[in-house]
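Take a look at the structure below. We'll walk through it one piece at a time.

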Amino acid sequence: RFENAFILFRRKCVEDHRLNPDLASESTSPSAPIKKQRQADLSKAIAQQWRSLSTEERQYWQRLAKDLEKK
């Protein structure tokens with residue numbers, strides 16, 4: 001089964017989150033411990049980002065999914 005545009009977008013967001021987890025930290029205090037974000041919460045945040053993408057940004061992910069499906 002091929003990955004759709006949202007799945008590709010989500011994978012990229014999760015990779016970005018893993019590389020830079022302090023950007024997703026809800027804490028405003030630099031000395032506070034960083035909590036690991038639950039997958040469900042992360043998925044909700046990514047879904048919200050997906051819904052807010054511009055048409056051009058969404059088309060990029062749709063083209064990418066279509067190109068990968070052809071391979």
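Predicted model: local features only at pLDDT ≥ 70, side-chain atom pairs only at ≥ 80, totals over all residues.

Now for what is tucked away. In α1, the buried residues are Ala5, Leu8, Phe9, Cys13, Val14 and His17. Their cover includes α2, which runs over residues 39-51, and α3.

Let's follow α1 over to α3. Helix α1 takes in residues 5-19 and helix α3 residues 55-70; their axes lie 8 Å apart and the two pack at an angle of about 105°. Angles of 65 to 115 degrees count as roughly perpendicular, so that is how α1 and α3 stand to each other. On the α1 side, Ala5, Leu8, Phe9 and Lys12 make the contact, meeting Trp61, Gln62, Leu64, Ala65 and Leu68 of α3. Sorted by type, the residues of this contact are seven nonpolar, one polar and one charged.

Stepping back to the whole protein, you'll find three helices and zero strands, in the order α-α-α along the sequence. Of its 71 residues, 18% count as buried. And if you take the contacts between residues at least 6 apart in sequence, 74% of them join residues at least 24 apart.

How values were computed. Residues numbered from 1 in each chain as written. Heavy atoms only, no water. Axes fitted to C-alpha atoms, helices over the stretch in contact; angles between N-to-C directions. Helix = DSSP H or I, 4+ residues; strand = E, 2+ residues; numbered from the N terminus. Parallel < 35°, antiparallel > 145°, perpendicular 65-115°, else oblique. Contact = heavy atoms within 4.5 Å. Nonpolar A, V, L, I, M, F, W, Y, C, P; charged D, E, K, R; others polar. Buried < 20%, exposed > 50% of the residue type's maximum accessible area, 1.4 Å probe, protein only.
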